[in-house]
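I opened the model to look up a few local features, and these are my notes in the order in which I made them.

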Amino acid sequence: MSQIPESIASFSPLYEQIKAMILASLQASEWLPGDAIPSEMELAARYAVSQGTVRKAIDELAAQNLLVRRQGKGTFVATHQEEDFQYRFLRLEPDSGHKLHLKSHFLACENLKSDVLIARLLKLKVGDCVIRIDRVQSSDGRPIVFEEIWLPEGRFKGLTLEALNAWPGPMYAFYECEYATHMVRAEEKIKAVLANSELAKHLQVSEGAALLSVERVAFTYGNKPVEIRRARYDTSDQHYDNKLN
């Protein structure tokens with residue numbers, strides 16, 4: 001039977017304490033993405049609380065897309081390898097209403113020393129090694145996204161351009177499978193920009209064309225930033241779709 005740490009128990013409702021303990025188990029890789037977690041009854045016995053308390057904790061984690069309930073099967077750790085979750089951070093939608101199918105082509109993957117901004121966003125020391133990746137994503141053979149991505153080299157050791165281009169699925173599923181890194185949330189800044197000569201070349205648009213800039217920091221468990229992504233979208237036939245509750 002697990003005991004609730006005194007530091008947690010002193011300041012939060014019981015279901016929040018259980019939620020924190022389940023999160024700690026996820027962070028410690030006790031249950032991996034795609035794995036079933038113990039039943040509510042088993043977790044209630046483990047934490048010496050009621051099933052209702054466990055259920056409320058799981059409901060909150062499911063609402064945050066960290067866990068997935070499957071009718072008649074149980075509760076599972078969310079994974080970016082499942083179709084419903086593969087692109088949950090992608091908000092680009094075709095104006096036609098059809099489903100967007102993107103094909104990736106990675107252009108560069110190199111190790112660099114972090115500058116002040118990259119180090120601050122990834123919570124590194126200035127000069128720590130990072131990996132810089134350039135990628136173009138196309139739809140129906142037409143490039144619509146150009147991305148610059150930065151990763152902490154310490155977490156993604158050995159990453160190569162060949163490995164990226166050989167991966168058939170979404171990038172976050174690659175992080176999950178090859179580097180045990182599961183993206184759980186992201187923060188974005190969005191603004192309009194004009195295409196410079198480099199962006200015009202990659203996206204096959206005119207220099208000075210209007211683009212949408214989306215700058216993202218993505219986090220894994222424990223609120224650890226593990227990716228910076230600067231994307232430029234050609235929104236001639238697409239739009240950024242965001243549902244607010």
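This is a predicted model: local features need pLDDT of at least 70, side-chain atom pairs count only at pLDDT 80 or more; totals for chains, interfaces and linings use all residues.

I began at the hairpin of β5 and β6, where two residues lie between the strands and Asp-140 takes a positive phi near 55°. Residues are numbered from 1 along each chain as its sequence is written, and side-chain values use heavy atoms, with hydrogens and water left out.

**Strands around β6**

I followed the pairing next, taking two strands as paired if DSSP finds at least two bridges between them. Strand β5 (residues 129-139) runs antiparallel to β6 and is joined to it by ten bridges, and Asp-134 has Glu-148 of β6 as its bridge partner. On β9 I found six bridges to β6, again with the two strands antiparallel, and here Ile-149 is partnered by Arg-229 of β9. I then checked burial, where buried means under 20% relative accessible area, exposed over 50%, and partly exposed in between (1.4 Å probe, protein chains only). Strand β6 (residues 142-152) has ten of its eleven residues buried, so it is largely enclosed by the rest of the structure.

**Glu-227**

How accessible is Glu-227? Glu-227, which sits in strand β9 (residues 224-233), has a relative accessibility of 0% and counts as buried. I looked for a polar contact, that is, a pair of N or O atoms within 3.5 Å, of which, within protein, one must be able to donate a hydrogen and the other to accept it, with residues adjacent in sequence counting only if both atoms are side-chain atoms. The side chains of Glu-227 and Tyr-175 form one at 2.8 Å. Counting contact as heavy atoms within 4.5 Å, and leaving out residues up to four places away in sequence, I listed the residues that Glu-227 touches, including Leu-122, Ile-149, Trp-150, Met-183 and Arg-216.

**His-182**

His-182 is in the loop between α8 (171-179) and β7 (185-194), and at 4% relative accessibility this histidine also counts as buried. Its side chain makes a polar contact of 2.6 Å with the side chain of Glu-176. Beyond its neighbours within four places in sequence, His-182 is in contact with several residues, among them Pro-33, Ala-78, Thr-79, His-80 and Tyr-221. For Tyr-221 I noted the separation as well: 39 residues in sequence, and 7.4 Å in space from C-alpha to C-alpha.

**Cores and α2**

I defined a nonpolar core as a set of buried Ala, Val, Leu, Ile, Met, Phe, Trp, Tyr and Cys residues joined through side-chain atoms within 4.5 Å. The largest has 19 residues, and Ile-22, Trp-31, Leu-43 and Tyr-47 have the most contacts inside it. At least two residues of this core come from each of α2 (14-27), α3 (40-47) and α4 (51-63). Apart from it lies another core, of 16 residues, including Leu-151, Leu-164, Phe-174 and Val-226. Leaving aside neighbours within four places in sequence, I found Leu-43 in contact with Ile-22, Trp-31, Ile-37, Pro-38, Val-54 and Ile-58.

The 14 residues of α2 should span 20 Å, and the end C-alpha atoms are 20 Å apart, which agrees. Its buried residues include Tyr-15, Gln-17, Lys-19 and Ile-22. After α2 comes Ser-29, with a positive phi near 60°, in the loop between α2 and α3; this serine is partly exposed at 38%. Ala-48, in the loop between α3 and α4, likewise has a positive phi near 60° though not a glycine, and is partly exposed at 48%.

**Cysteines**

How many disulfides does the structure hold? I found zero, taking a disulfide as a pair of cysteine sulfur atoms within 2.5 Å. The sulfur of Cys-109 is 11 Å from the closest cysteine sulfur, that of Cys-129, which is too far for a bond. Cys-129 is partly exposed, with a relative accessible area of 27%.

Technical notes
Helices (H or I, at least four residues) and strands (E, at least two) are DSSP runs, numbered from the N terminus. The expected span of a helix is 1.5 Å times one less than its number of residues.
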